[in-house]
Amino acid sequence: MAGSTLASPSVEAPPRAPASPGRETWRRFRRHRLALASVAVLAVLVMGVLVGGLVWPVAIDDIDFAAQLQGPSWDHPFGTDDLGQDLLARMISGGRISLAVGFVAMAVASVIGIVVGALAGMSRRLLDPALMWLTDLFLSLPQLPLLLLVIYLFRDTLKAVFGVQGGVFVMIVAVIGGLRWMPVARLVRAQFLTLREKEFVEAARSQGATTGHLVRRHILPNALGPVIVAASIEVSAAIIAESTLSFLGLGFPPDIPTWGRLLFDAKDHLDVAPHWALFPGAAIFLTVLSINFIGDGLRDALDPRRVL
Amino acid sequence: MADPVLSVRDLTASFRTEGRWREVLHGVSFDVGPRETVALVGESGSGKSVSAMAILRLLPRDSCRVGGSVRFDGRELLSASDAEMRRVRGDSVAMIFQEPMTSLNPVLTIGFQIAEALIQHRGLSRSAAEAEALRLLDKVRIPAARTRLHEYPHRFSGGMRQRVMIAMALACRPKLLIADEPTTALDVTIQAQILDLIKSLQDDEGMSVLFITHDMGVVAEIADRTVVVYRGRAVEAGPTARIFDAPAEPYTRALLAAVPRLGAMAGRSRPLRFPVVDRDTGAEGAMPETPDTVRAAERPVLEVRDLTTRFDIRSGLFGRVTGRIHAVERVSFSVAAGETLALVGESGCGKSTTGRSILRLIEPLSGSVLLDGEDVMALDPKALRVRRQRMQMIFQDPFASLDPRMSVGAAVAEPLLINRLATRREARQRAEDLLAKVGLSPETANRFPHEFSGGQRQRICIARALALKPRLIVADEAVSALDVSVKAQVVNLMLDLQADMGLAYLMISHDMAVVERMSHRVAVMYLGEIVEIGPRAAVFGDPQHPYTRKLLAAVPVPDPARRRDRHGLADDEIRSPIRAPDHVAPERHYREVSPGHVVQLWGADWAGPAARDVAA
């Protein structure tokens, strides 16, 4: 019997107008309602932190003891903290750093993960076990002591090169990215190991394709589906990891109100001022959720086998 | 006829896809009498498997509706309660499936799995069930059943697993056995054994059998009556002999015309196209002779000498070599331009490895491969990539060999782009031309592989292989996975292309009937060695080596009148090519029977059961 795996209409089905690949992907992406809504949500969040400061020009360190721990009102839409500082303004300002850390750390982790995974997956000799030992080594490293060590060793050097905020940013991104690439690497390696034995890869090889061509055109695109999903989870993990670091006093200075920092500060006043934790929490939640949905939508849209 | 065991009337089934109900079975009716074997035969997608699933109510209820009537033993099954159905399945109706590899639980022993069914359905105690399991394994002729009872499924070969599945099916002494393509995944010699086994068990146990298959040869071999299914309808039903002798419906005629018959080529020296019969009218199209394409005078396109490929089996901490698979052992042959050499043998005999070693997709251990006189083995990676343009490969599974993310046009154009032989625009144009050449419209270039049927996908793979204007095509089981009628079309296409372009084919196949139809010369491989090679007519007409004879005897003949008597095939398995690391391959001697027909001299190990088979 003909070996087909997915139930799908065959070519006898009514023909549809051929479209260019980019347009076709967009058409398929649009069919994923949640992903489309998530793009809108994420766009609002990103635009909010980028240009929100122009719309809501309130200073983030404007202390007003008359308005301590107030709930949302017209004066302070997101309420105030224990020093009477406006939370909306603080979230706009800190959100830039939180989102930037999330995305850049995700990019760093994914790139390292894909490179290591691809190298391990394509090598047939010693490189694969060596890289996997390295991955296991990184997985077994106790992260917090390592962080402390890295920060102790490099904080001053980086500050000297990139300035206070920049130095901390580079360090945090490097630390988060450098300690979270292992799941992606393992995923990519596993995908590569199965894909490189597939007949279509062998077919391309028999036509004279170089290893580079095989990886770029055939193996990597087919391996990307799970990687996209894993990477979208990395963004959320990075935002949360940044807040952990802030919590420990290892991240940005306490006066920079990243979302994680806001949550940390809010924890002592949860009973009287729940809004203080709810708004940054909701922002992190919405970011993570929408990125995950966008990841799902991208995976489906980029896979032509799925009938959409 | 006595009251039928199973009586199916106007069976319909619809599936819900994207919110709409689509009917896939439009009223199928047939009976299965006591002790009778009825074959449901049709091509993939015809609805034969759906019928079987509908009879046992195994289709998912929320996405599938079944109508009509199924009476088993006088009871209506379609309206029976779920509890009743559970008793019917397994107790009085048993089913065996196509994939013996996946139907057994890998973490439980064989004996445990059979005993499980006995305890559940027949209420035996654990010890009684184990004794019964042993008896059943003996019954399905598993050698050394007592020791094998405690082994796990991975220790069993495909044929042996199918025997275990049959033993499980027999556990509850069913009245009806539904066998869904039980031999499709097996080698011919093993298939013949299993068919034999089913036949003799049927006599012993007095079961009825509903046999679902696409293979007309198997039908002729086993069925008393045949029901031909086409597009969800039973188009023709009747005694098997009548269906084969005087098919009434055009579709049946078309199907039978496309069935390759072993022995149909006696007295011909050239390959022969399949006749084309119109499915709706039954009119037979003209069948042009194939021209003589072999250029015997020229230097052969491919000369292979003493090719040897072995795989190390490593184990332990330091990866010590504990054994070697001698996949290809000192294989020599040549293929002339315009010639088809078929490499036949059963799974694991090394024929695919030979094909891949020639293209150096697998690095051979030693030997030489000359392509147009140039040694492929001596090429550096860059030169090899260039040289591969002249030898291309077509794979067994056309779906797996096309990148699912690449449009068909891009896939066909890719070889040109990889080798920088054309600009993007030119390559696109060439791709459309090539698609037209293999009988697909150029507009299909924008579609993706999953949108095509199996036969169309194989045409796309052929178009891709042709893109570089190769001299040699290695076709690895290129038509084995296709339906009979599609198979016939693809074979015809390959023959036409050979005539047009003077292609040489190295055709790797286990399908003896197609090989007989398509090839000029045949090489028979066994355990990595060529045991017999020669012109097709000589090898098929006058087989010398016991293995060749065994292979030919096992091919099912699509002619019920020539149904073989119970031939008592031995229950031996294909032997393993794994050897100890210090194994030295024995020196082989060959004898020339007639010009070009060479056979390996066989030793005492062939004097055993195999030789008896041949004598029988």
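1. A residue counts as buried here if 20 or more other C-beta atoms lie within 10 Å of its own, as exposed if 12 or fewer do, and as partly exposed in between, with the C-beta atoms placed from the backbone. By that criterion M182(A), V184(A), A185(A), V188(A), R189(A), Q191(A), F192(A) and L195(A) of helix α6(A) are buried. Helices (H or I, at least four residues) and strands (E, at least two) are DSSP runs, numbered from the N terminus.

2. This is a predicted model, in which local features need pLDDT of at least 70 and side-chain atom pairs count only at pLDDT 80 or more, while totals for chains, interfaces and linings use all residues. Residues are numbered from 1 along each chain as its sequence is written, and chains are lettered from A and ligands numbered from 1 in the order in which they are written.

3. The length of α6(A) can be checked: its 14 residues (182-195) should span 20 Å at 1.5 Å a residue, and the end C-alpha atoms are 20 Å apart, which agrees; the expected span is 1.5 Å times one less than the number of residues.

4. Between the chains, 29 residues of chain A are in contact with 38 residues of chain B, contact meaning that the C-beta atoms, placed from the backbone, lie within 7 Å. On the side of chain A that touches chain B, α7 (199-206) and α8 (211-247) of chain A each supply at least two residues, and α7(A) gives the most, with 7 residues.

5. Chain B is divided into domain 1 (6-257) and domain 2 (302-556 + 572-604), with bounds that come from an automatic or database domain assignment. The contact between the two takes 18 residues from domain 1 of chain B and 14 residues from domain 2 of chain B. On the domain 1 side, α6 (158-170), α7 (188-205), α8 (216-222) and α10 (250-257) of chain B each give two or more residues, and the largest share, 5 residues, comes from α8(B).

6. Chain B also holds an open sheet of 6 strands with mixed pairing, in the order β6-β7-β8-β3-β9-β10; two strands pair if DSSP finds at least two bridges between them. At the edges stand β6 (93-96) and β10 (233-239) of chain B, each with a single partner strand, so one side of each is left without a neighbour in the sheet. Strand β9 (residues 225-230) of chain B runs antiparallel to β10(B), joined by 6 bridges, and T226(B) has G238(B) in β10(B) as its bridge partner.

7. Helix α16 (residues 484-501) of chain B has 18 residues that should span 26 Å at 1.5 Å a residue, in agreement with end C-alpha atoms 26 Å apart. Its buried residues include V484(B), K487(B), N492(B) and Q498(B), and their cover includes α8, α10, β13 (340-344), α15 (454-466), β18 (504-509) and α17 (512-518) of chain B. Just after α16(B), G502(B) takes a positive phi of about 65 degrees.

8. How many residues of β18(B) are buried? The count is 6 of the 6, so β18(B) is largely enclosed by the rest of the structure. A504(B), L506(B) and I508(B) point one way from the strand, and Y505(B), M507(B) and S509(B) the other way. Strand β18(B) runs parallel to β13(B), with 5 bridges, and parallel to β17 (residues 472-476) of chain B, also with 5 bridges. Y505(B) is the bridge partner of T340(B), and I473(B) stands opposite Y505(B).
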